[in-house]
Amino acid sequence: DVIFEYDQDNSINVVVTDLAGREMYRSAGFGATPGLNVLPINASGWADGAYIITLSDNERQISHKIFY
């Protein structure tokens, strides 16, 4: 699971890629709410290592490195 804080009710897109740029996960229209949000991601089968998660809405985009 990915836990993140958000500041409004909004639909967001989530993409997780490995460091080679391969898309591992995509979710369009996750319903985020103000405060802490939990996004369930099934990462079984992923290799241990670093990944990039990108959260975006209509106005902004943010990316962070995560480790599994």
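The structure is a predicted model, in which local features need pLDDT of at least 70 and side-chain atom pairs count only at pLDDT 80 or more, while totals for chains, interfaces and linings use all residues. Residues are numbered from 1 along each chain as its sequence is written, and side-chain values use heavy atoms, with hydrogens and water left out.

**Confidence**
- The protein chain has a mean pLDDT of 95 (the predictor's confidence in each residue, from 0 to 100), and 100% of its residues reach 70 or more.
- Confidence is lowest in strand β1 (residues 2–6), with a mean of 92, and highest in strand β5 (residues 50–56), at 97.
- Strands (E, at least two residues) are DSSP runs, numbered from the N terminus.

**Salt bridges**
- There are four salt bridges in the structure, each defined as a side-chain nitrogen of Lys or Arg within 4 Å of a carboxyl oxygen of Asp or Glu.
- One of them joins the side chains of Arg60 and Asp7 (2.6 Å, N to O).
- This pair links distant parts of the chain, 53 residues apart: Arg60 is in the loop between β5 and β6 (61–67), and Asp7 is in the loop between β1 and β2 (10–18).
- Arg60 also forms a salt bridge with Asp57, where the closest N and O atoms are 3.2 Å apart.
- Through shared partners, Asp7, Asp57 and Arg60 are joined into one network.
- Arg60 is partly exposed because its relative accessibility is 36%, whereas Asp57 counts as buried at 13% (buried is under 20% relative accessible area, exposed over 50%, partly exposed in between; 1.4 Å probe, protein chains only).
- Asp18 and Arg22 form another salt bridge, with the closest N and O atoms 2.7 Å apart.
- Asp18 is buried at 10% relative accessibility, while Arg22 is exposed at 55%.

**Thr54**
- Thr54 lies in strand β5 and counts as buried because its relative accessibility is 17%.
- Its side chain makes a polar contact with the side chain of Ser63 (2.8 Å); such a contact is a pair of N or O atoms within 3.5 Å, and within protein one must be able to donate a hydrogen and the other to accept it, with residues adjacent in sequence counting only if both atoms are side-chain atoms.
- Leaving out residues up to four places away in sequence, Thr54 touches Asn13, Val14, Val15, Gln61, Ile62 and Ser63 (heavy atoms within 4.5 Å).

**Val38**
- Val38 is in strand β4 (residues 35–39) and is partly exposed, at 46% relative accessibility.

Note on methods:
Helix = DSSP H or I, 4+ residues; strand = E, 2+ residues; numbered from the N terminus.
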